[in-house]
Structure formats: structure tokens, C-alpha cells
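Work through these exercises with the model open. Try each task before reading its solution.

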Amino acid sequence: MPNAGFGDLLIKNGQAKKENILYFHNESTNFTSHDYLSHLKWANFFKLLAAHSYPAPRKTKINRLKGDKNVAYVKPEEIVENMLQAGAKKAGLSVKNLLLRGFLAGAFLGYATTLAILAATQTGFGIVGALVFPVGFVMIVLLGLELATGNFALIPIAVKDKRARIGALLYNWTWVLIGNLIGSISYAFLYMIVTTKMGHIDPSTIAAAQRLIDIAETKTLGYAQYDFDGTISAFTSALLCNWMVTLGAVMAFTSTTTSGKVIAMWLPIMTFFALGYEHAIVNMFLIPAGIMLGANITIAEWWLWNGLPVIAGNIVGGMLFTGFMLYWAFNTCKKNHY
């Protein structure tokens with residue numbers, strides 16, 4: 001079938017009149033023309049012929065290489081911008097969302113903690129517990145739930161960048177902590193029911209339950225024996241903990257793929273848990289569960305020697321060493337947003 005478009009191409013280029021059309025046959029080398037051909041310059045003719053005969057180069061692969069849509073890694077400057085957007089979004093959530101998402105996050109960390117303790121007691125290697133613990137954190141981040149320790153890093157920089165107000169920060173931290181606490185204690189109660197069969201089994205006869213009791217006492221009475229120095233130790237341990245935990249939240253921004261996010265988050269979370277640092281929300285499960293199972297701890301001792309100093313340390317570690325350090329290092333946007 002002849003290619004009738006070539007005559008139109010000549011006309012568009014001002015090389016021929018409408019009635020003088022050249023037909024080029026793809027099936028053979030035969031072609032017809034009128035007397036106008038002698039008036040054309042052969043160089044222009046072959047230039048047009050070549051342009052019409054061969055398709056333009058495909059640009060798909062080049063565009064794919066130059067584009068960013070299929071690139072899994074996200075640059076630090078973009079990570080900080082994502083942190084700011086996330087902090088601003090979290091600061092605008094309602095009480096209902098903060099409580100519900102906080103409740104689920106607290107319960108999921110309880111799940112992860114009991115899994116880690118079980119793995120460590122069954123294998124005899126504490127590092128095995130650290131290897132499996134991040135599953136809870138991964139569920140929290142991928143589902144977009146609210147964990148107070150992560151918000152200690154994200155919302156302050158949003159306030160600094162004028163994308164949120166200090167009142168919204170305090171509002172978020174308060175309700176998320178309450179949600180985390182309710183979720184953690186709820187799971188601790190359910191765990192106690194299952195483990196002891198409604199109190200019919202002595203927890204000391206269950207390796208995982210006894211280990212949980214020992215941990216709860218160490219996290220409270222272990223600091224109490226050193227008085228103020230114990231409080232400073234708990235605070236410092238919490239600072240180091242949330243440096244890694246908030247880094248885990250930030251590492252989720254380093255990839256655009258789910259698998260990349262999971263791997264990136266896993267590393268710092270595993271690190272903090274293996275080192276035994278103090279995480280306020282994990283302790284909101286561990287210590288109440290220990291008390292329910294028979295640990296020699298009072299509620300006052302929990303908050304005096306662990307709860308309050310650990311929350312304070314988590315705030316400083318997340319806000320300063322992750323939030324502001326990365327903000328100062330990589331923030332490139334200096335615009336005011338209200």
C-alpha cells in the first residue's frame with residue numbers, strides 16, 4: 001500500500017504544490033513523480049525522503065533513566081521535606097484519630113515485645129529477640145499509626161519551619177501518649193489472661209512470663225537503687241533509644257518501595273532493642289504486664305524511676321539528635337508557611 005503522506009510532507013515544507021505529489025512504495029523501489037521533481041534540489045529531496053522513511057528514535061528508555069519515578073532511593077533533602085510534611089499533617093489530626101491510631105500503635109508494640117521475649121527465651125540468644133522486634137514498628141509505620149516517640153522528632157521541626165504551632169505539638173503528644181498507654185495496657189491485660197489462663201497458672205513456671213517480670217523490675221527497681229544517678233541513667237538510656245527509633249521512622253522516607261522502607265526501618269530499631277535502651281511506649285507494656293504477672297513494683301515506682309525520665313529522654317533524643325540535626329543539615333526550603 002503506497003504511503004500517501006509523503007506528498008503532504010513536501011507541501012508542509014513548502015517544497016511542492018498540492019497537485020504535485022510524490023508517491024513512495026514500501027513494497028518496492030519503484031516510485032512515480034511529475035515534472036516538478038527536476039526543479040527540486042536533490043539534497044533537499046533525499047533529506048525529506050530519509051526523514052519520512054525512518055521513524056524517530058524511541059525516547060522511552062532515555063526518559064526512564066532521567067526520570068525519578070522508578071528510582072527507589074530518596075535524597076536527604078527530599079527526606080527532610082517529607083519529614084516536615086509528615087510533622088505538619090500529624091499536628092492537624094483530630095483527637096479521635098490520635099487516640100485510635102495511638103491505641104493500635106501501643107498494642108502492636110506489645111505484640112512485638114512479647115514476640116521478642118519469646119524468641120530470646122526459646123533460643124537462649126537475646127539478639128534473636130532484637131532481630132524480630134522491628135515487626136511491630138514496621139506495622140505501625142506502614143499503616144500510618146501514631147507513636148509518640150516518632151512524633152517527638154517530626155512535629156518539632158514542623159513547628160520550627162512554621163508549618164505547625166506549638167499548641168498543636170503539645171496537643172498531639174498528649175493524646176498520642178494517652179492512646180499509646182491505653183493500647184499497651186490493654187494488650188498487657190489480654191496477654192496476662194492468655195499466659196496465666198485467667199490466673200490458674202503460676203507465671204514463674206513460664207519462661208517468657210518470668211523473663212518479662214525480671215525485665216520490669218530491672219527497669220524500675222534497678223534504677224531506684226542508684227537514686228538520682230539512676231534517674232540520669234534512665235534518661236540517658238532513653239535519649240540513646242529514641243535517637244535510633246526516630247531514625248527508624250526517618251529511614252522509612254529513604255525509599256519509595258515497601259521492601260526498601262522495611263529494610264531501612266529494620267536496622268536502627270533492631271539496634272536500639274539489642275542494646276537494651278529505654279523506650280517509653282515499650283515500657284508502657286512491659287512494666288504494667290510485669291505488675292499484672294506479679295512483679296514487685298508499684299505504679300508510683302514505675303512513673304518515678306522509669307516513666308517520666310524515659311519520656312523526657314525520648315523527647316530530647318528524638319527532637320534534637322534526629323529531628324533538628326537532620327533539619328539543620330539538609331533543609332533547603334526557607335519559606336514561611338503561614
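**Exercise 1.** Decide whether Pro-203 is buried or exposed in this predicted model.

*Solution.* Start with the cut-off: buried means under 20% relative accessible area. Pro-203 has 12% relative accessibility, so Pro-203 counts as buried. Pro-203 sits in the loop between helix 9 (166-196) and helix 10 (207-218). Then list its contacts, leaving aside neighbours within four places in sequence: Thr-196, Ala-209, Gln-210, Ile-213 and Leu-293. Finally, look along the chain. Gly-294 is 91 residues apart from Pro-203, yet their C-alpha atoms are separated by 7.8 Å.

**Exercise 2.** Work out how helix 8 (residues 148-160) is oriented against helix 12 (residues 227-251).

*Solution.* Take the angle: the two helices pack at about 75 degrees, with axes 9 Å apart. Angles of 65 to 115 degrees count as roughly perpendicular, so helix 8 is roughly perpendicular to helix 12. Now find the residues that meet. Helix 8 brings Thr-149, Gly-150, Phe-152 and Ala-153; helix 12 brings Asn-242, Val-245 and Thr-246. Sort them by class: 3 nonpolar, 4 polar and no charged residues.

**Exercise 3.** Describe the course and packing of helix 13 (residues 258-275).

*Solution.* Check the span. The 18 residues of helix 13 reach 27 Å from first C-alpha to last, close to the expected 26 Å. Look for a bend: helix 13 bends by about 25 degrees at Trp-266, and Pro-268 follows within four residues. Pick out buried residues, among them Met-265, Pro-268 and Phe-272. The buried residues of helix 13 pack against helix 7 (134-142) and helix 12. Last, step past the end: Gly-276 follows, with a positive phi near 75 degrees.

Technical notes. Residues numbered from 1 in each chain as written. Predicted model: local features only at pLDDT ≥ 70, side-chain atom pairs only at ≥ 80, totals over all residues. Heavy atoms only, no water. Axes fitted to C-alpha atoms, helices over the stretch in contact; angles between N-to-C directions. Parallel < 35°, antiparallel > 145°, perpendicular 65-115°, else oblique. Contact = heavy atoms within 4.5 Å. Nonpolar A, V, L, I, M, F, W, Y, C, P; charged D, E, K, R; others polar. Expected span 1.5 Å × (residues − 1). Bend = angle between axes of the 7 residues up to and from the residue. Buried < 20%, exposed > 50% of the residue type's maximum accessible area, 1.4 Å probe, protein only.
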